[in-house]
Amino acid sequence: MTQLSEHLRQATPVVAERGEGVHLFGADGRRYLDFTAGIGVTSTGHCHPKVVAAAQEQVATLIHGQYTTVMHRPLQRLIERLGDVLPAGLDSLFFVNSGSEAVEAALRLARQATGRPNVVVCHGGFHGRTVAAASMTTSGTKVRTGFGPLMGGVVITPFPHAFHYGWDEETATRFALREFDQLLQTVSDPDDTAAVFVEPVLGEGGYVPANSAFLQGLRERADRHGILLVLDEIQTGVGRTGRFWGHEHFDVRPDILITAKGLASGFPLSGIAAPAELMHRARPGSQGGTYGGNAVACAAALATLDVVEEEGLVANAAAMGARLRAGLEEVAAKTPGIGDVRGLGLMLASEFVTEAGEPDAGTASKVLRTSVEEGLLLLPCGPWGNVVRMIPPLIVDAASIDEGLRAWSAAVAAATAR
């Protein structure tokens, strides 16, 4: 009898039969409020009618037009449409399927464009599970362990995670930038450093936002040394943080932007954007792939971008994120075991700690299980598994936020009762 790999463990016991908006419906006949959004993928909710219609129409017309063999109209239209939302100057695009592939494409471009071997990544960052992307990932050892040696040329610099260090944000930021400068003096000379990769909000690393001083500090140093600044917007992009791109909170300019997840409402599509002059420096033949820029995925992405604009989902993420955060902070205020509530927009998390301030994965796990019983689906993150994250679809409304908060409050109370 065949079976799914035992290592692909589900975070919940739910067997989903269908999805609609912010809800999943299980084989048990129960309706669940989905605050996981497929790990931030179903940005317009489950089966948004406009996305479904676009995909159905495309399936009946052209399923796959391999983009190094022929060009197809959905891809051409998507390139044009993304020009409306990408940062100024990022006018050249390359599409693949997954976040990991896009990270590796950005890595390859950065090394080829600069002729330099090394890349700097931030401690706690998650960039994927393929070999190069895993070598750049430090959100947890489970991604890196057991298949070394990993790719060389990766250097790790601190991220200003104030709660982790027990400092205020200003102190954490000064430390992180000072250590970055030290790294360039002691580990990877600027002439050997191609790029620094950073998430505007650490994802798997615990939903920790960066800040303007840190990202602008990296930008200034990158400009000074001819290093590329690569922003990994795989989870923070397409409205998730209450701005279309997460880096817009911090007034910083990327040289390369990576996007995936919410771009196509659940269809596999990812890509990188860079200035045409920079993209031109890639080696001929270095970009390609069988399924990248798939016609159905591109049609779904076009519909997604239309829905995000027409329904005001970026502004909705900001407003509903503020409502959700206020509720999470209210629960935290009466729960000593919640040490921190953080995030941006509809990318929020609560960190569970012991009385001594140490990571408390046990309580976080209990809360996750109890939340399912309350009809709320959530996910863990953080290197210790003690952070519970909430990533509702961007279409979420006030009633669903309040429903989720009621379930969260009940789950936390039940899991922490002594």
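This is a predicted model: local features need pLDDT of at least 70, side-chain atom pairs count only at pLDDT 80 or more; totals for chains, interfaces and linings use all residues.

Student: How much space lies in the largest pocket?

Tutor: About 1,800 Å³. Its lining has 49 residues, and the closest to the centre are Ile39, Arg129, Glu204, Leu379 and Arg389.

Student: Which elements give two or more residues to that lining?

Tutor: Helix H1 (37-40), helix H4 (99-114) and strand E16 (379-381) do. The largest share comes from E16, with 3 residues.

Student: What is the volume of the second largest pocket?

Tutor: About 510 Å³. Of its 25 lining residues, His161, His164, Gly205, Pro383 and Trp384 are the closest to the centre. Helix H6 (residues 162-165) gives the largest share, 3 residues. By class, the lining has 9 nonpolar, 13 polar and 3 charged residues.

Student: Now cavities. How many of 30 Å³ or more does the structure hold?

Tutor: A cavity is a space where the probe fits but cannot get out, whereas a pocket is open. Here there is 1 cavity of 30 Å³ or more. The largest cavity has a volume of about 50 Å³. Among the residues lining this cavity are Gly40, Ser43, Ile234, Arg240, Lys261 and Leu394. The lining splits into 4 nonpolar, 5 polar and 2 charged residues.

Student: On to salt bridges. What is the count?

Tutor: The test is a side-chain nitrogen of Lys or Arg within 4 Å of a carboxyl oxygen of Asp or Glu. The count comes to 20. Take Arg219 and Asp255: their closest N and O atoms are 2.8 Å apart. Arg219 is in helix H8 (residues 212-225), and Asp255 is in the loop between strand E10 (228-232) and strand E11 (256-259), so the bridge ties together parts 36 residues apart in sequence.

Student: Are Arg219 and Asp255 buried or exposed?

Tutor: Buried means under 20% relative accessible area. Arg219 has 8%, so Arg219 counts as buried. Asp255 has 12%, so Asp255 is buried too.

Student: Which parts of the chain does the pair of Glu403 and Arg31 link?

Tutor: Their side chains meet in a salt bridge at 2.9 Å, N to O. Glu403 sits in helix H13 (residues 398-416) and Arg31 in strand E3 (residues 31-34), 372 residues apart. Glu403 is partly exposed at 25%, and Arg31 is partly exposed at 40%.

Student: Which residues are linked in a network of salt bridges?

Tutor: Arg81, Asp84, Asp306 and Glu309 are.

Notes:
Residues are numbered from 1 along each chain as its sequence is written. Side-chain values use heavy atoms; hydrogens and water are left out. On a 1 Å grid over the protein atoms alone, a cavity is a set of points where a 1.4 Å probe fits but cannot get out, and a pocket is an open set with protein on both sides within 12 Å along at least five of seven lines; lining residues have an atom within 4 Å of a point. Grid points are joined across faces, edges and corners, and a volume is the space filled by probe spheres set on the points. Helices (H or I, at least four residues) and strands (E, at least two) are DSSP runs, numbered from the N terminus. Ala, Val, Leu, Ile, Met, Phe, Trp, Tyr, Cys and Pro count as nonpolar, Asp, Glu, Lys and Arg as charged, and the others, Gly among them, as polar. Buried means under 20% relative accessible area, exposed over 50%, partly exposed in between (1.4 Å probe, protein chains only).
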